[in-house]
Protein chains: 2
Amino acid sequence: MATEPWSLRSYLQQRSELIETALNDYLPVVESSPSRLHEAMRYSVFAGGKRLRPILLLAACEAVGGDAAKALPAACSLEMVHCYSLVHDDLPAMDDDDLRRGQPTNHRVFGEATAILAGDALLTEAFALLSSATTCAKIAPAPCCEVVQILARSIGSTGMVGGQVVDMESEERAIDLATLEFIHTRKTGALIRAAVEMGAVIGEATDEQRQALCRYAEAAGLAFQVADDILDIVADQAELGKSIGSDQDRGKATFPSLIGLGQARRRAAELKQQALTEIAALDDSARALREIATYIVDRSN
Amino acid sequence: MATEPWSLRSYLQQRSELIETALNDYLPVVESSPSRLHEAMRYSVFAGGKRLRPILLLAACEAVGGDAAKALPAACSLEMVHCYSLVHDDLPAMDDDDLRRGQPTNHRVFGEATAILAGDALLTEAFALLSSATTCAKIAPAPCCEVVQILARSIGSTGMVGGQVVDMESEERAIDLATLEFIHTRKTGALIRAAVEMGAVIGEATDEQRQALCRYAEAAGLAFQVADDILDIVADQAELGKSIGSDQDRGKATFPSLIGLGQARRRAAELKQQALTEIAALDDSARALREIATYIVDRSN
């Protein structure tokens, strides 16, 4: 039987379908009580995300010869965490956004109280799912505890949530490049790094492989944010589903606003190159990781 | 050396001091960035809670002959979860409370955004601490995964958070006793049950002991809520630190409002007796659990 030539497009599509199906299986059904809460949780999880983080987790697992099927619950738990963070970030008390990916934000549809609780429940469900991987994915207890630990440490007060706090504190205030990188390393970078490290642990990576993959993730994660800032300026509203330059409207610093568009593009290209160099020792199983790092940056060109 | 006679008062005091010290050790210091977030987290954790849930966890561990020291991280993680739930419940979009235990609520001091994020960070920190018990408390990975699973399942959309949703939906609406018990079983009961079950797992309880302890916790947890409703009516403002009958003011159903004060007192006494019966087979190591169930109900007399 002839095999289709490998393409990132079909890889991403196949992977996101796998994750979509699994998320649907893992999330509580709307019919179960409390219905409205479950509806709110599903609304934001199935709002058209690209599933980049769970795909990275599966790809990291495969990059070290692991079985992606064993990593599927962990991948879905990570996406639940990502969705919880978006629901809470959009709240009136935070970024006060009405639209997310072109659709009304969770609190605009379900009200503020339900949105807060739907976020809380998604975060909680992520840990419930992850800790059940010993039974539902036959992961040994020791690596299971380890991935719970990696996830929790990445998204707490010194990780993702801490990044959001510093981000809010920096609004309407002149910040420098170091502070901007501090914010992004935590607010978006920490979860991307967790994705790759969790995949490495489930794939039973050697210490050396695991460290290389973490460095890959740090570079790719920051590249993702620089590229996002560039896109925020150049993409049109239809493509992004939010107002053009909306971060700049709120007085938020971005890489292009601090160092200029050209310099931001060069920085993104350098980070991509660094990500690729970090995992140069891995064999062709790391192909998806390589192509993703390239795609992250090139989509902003 | 003469030993002091056992008293619940000194037991609770000694245990709450132990938990206080451990919480202080486990929580991020205010000096670490982001300071204001860490300050907000600590503000609500050290706001004068009685530490009932972590004490129950330690007591359940000891009741089956386990070492309470091994259960200390789990006990603290549970208290962090309890505090996160209070911070989020008090938010303007939820119960909109200005006072908690006689002090301004988290969002009144730190603002709504920081309060939401402090809650998120406390929930996350709970899982970080719990999953680190393999190293910091030398718990084997399998029971460690199990307690993460118990905690997460108890506080998600079909547990504590679900209870809060149904509670909010029931405001200003006539509800019956079954619905009130449904709410309390989840909103407060689930975490108390989790406390006892986690303690049982860490104490290496037999299946039979574990099930008996869970039934004890269900009865004691509901007794606690009935007693709280009674106290809400009879205690004076200074003692409780919130307005007299504040739940009734908001139109919330309580046990006394549905079945009358006398009947509520009888129900609390029955539940206490049931809790004691469930653990009758345990030896004197379960003394603290017995005295706590008695204390929970008798404080409302």
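Two residues are in contact if their C-beta atoms, placed from the backbone, lie within 7 Å. Helices (H or I, at least four residues) and strands (E, at least two) are DSSP runs, numbered from the N terminus. This is a predicted model, in which local features need pLDDT of at least 70, side-chain atom pairs count only at pLDDT 80 or more, and totals for chains, interfaces and linings use all residues. Residues are numbered from 1 along each chain as its sequence is written, while chains are lettered from A and ligands numbered from 1 in the order in which they are written.

**View 1. Helix α9 of chain A and its cover.** Helix α9(A) spans residues 160–169, and seven of its ten residues are buried, so the rest of the structure largely encloses it. A residue is buried if 20 or more other C-beta atoms lie within 10 Å of its own, exposed if 12 or fewer, and partly exposed in between; these C-beta atoms are placed from the backbone. The buried residues are M160(A), V161(A), G162(A), G163(A), Q164(A), V165(A) and D167(A). Their cover includes α4 (72–90), α8 (141–155), α10 (177–187) and α11 (189–202) of chain A. Helices α2 and α6 of chain B also belong to that cover.

**View 2. Chain A as a whole.** Chain A holds 17 helices and two strands. Its C-alpha atoms fill a box of roughly 50 × 50 × 40 Å along the principal axes. For 301 residues, a compact globule would have a radius of gyration near 19 Å, and chain A agrees, with 19 Å. That radius is taken over C-alpha atoms, and the globule rule is 2.2 Å times the number of residues to the power 0.38. Of the 301 residues, 55% count as buried. Among contacts in chain A with a separation of 6 or more, 71% join residues 24 or more positions apart. The average pLDDT of chain A is 93, and 94% of the residues score at least 70. pLDDT is the predictor's confidence in each residue, from 0 to 100.

**View 3. Around Y43(A).** Y43(A) sits in helix α2 (residues 35–45) of chain A. With 21 other C-beta atoms within 10 Å, Y43(A) is buried. Beyond its neighbours within four places in sequence, Y43(A) is in contact with N106(A) and V109(A). L222(A) lies 179 residues along the chain from Y43(A), and their C-alpha atoms are separated by 28 Å.

**View 4. Around D89(B).** D89(B) is placed in helix α4 (residues 72–90) of chain B. D89(B) is buried, having 21 C-beta neighbours inside 10 Å. Leaving out residues up to four places away in sequence, D89(B) touches M94(B), D95(B) and Q164(B). G189(B) is 100 residues from D89(B) in sequence and 16 Å away in space, C-alpha to C-alpha.

**View 5. Where the chains meet.** In chain B, 42 residues are in contact with 42 residues of chain A. Elements giving two or more residues to this side of chain B are α2 (35–45), α6 (112–131), α8 (141–155) and α9 (160–169). The largest share, twelve residues, comes from α6(B). The copies meet through the same surface, because 100% of the interface residues of chain B are also interface residues in chain A. The predictor gives the complex an ipTM of 0.94 and a pTM of 0.95.
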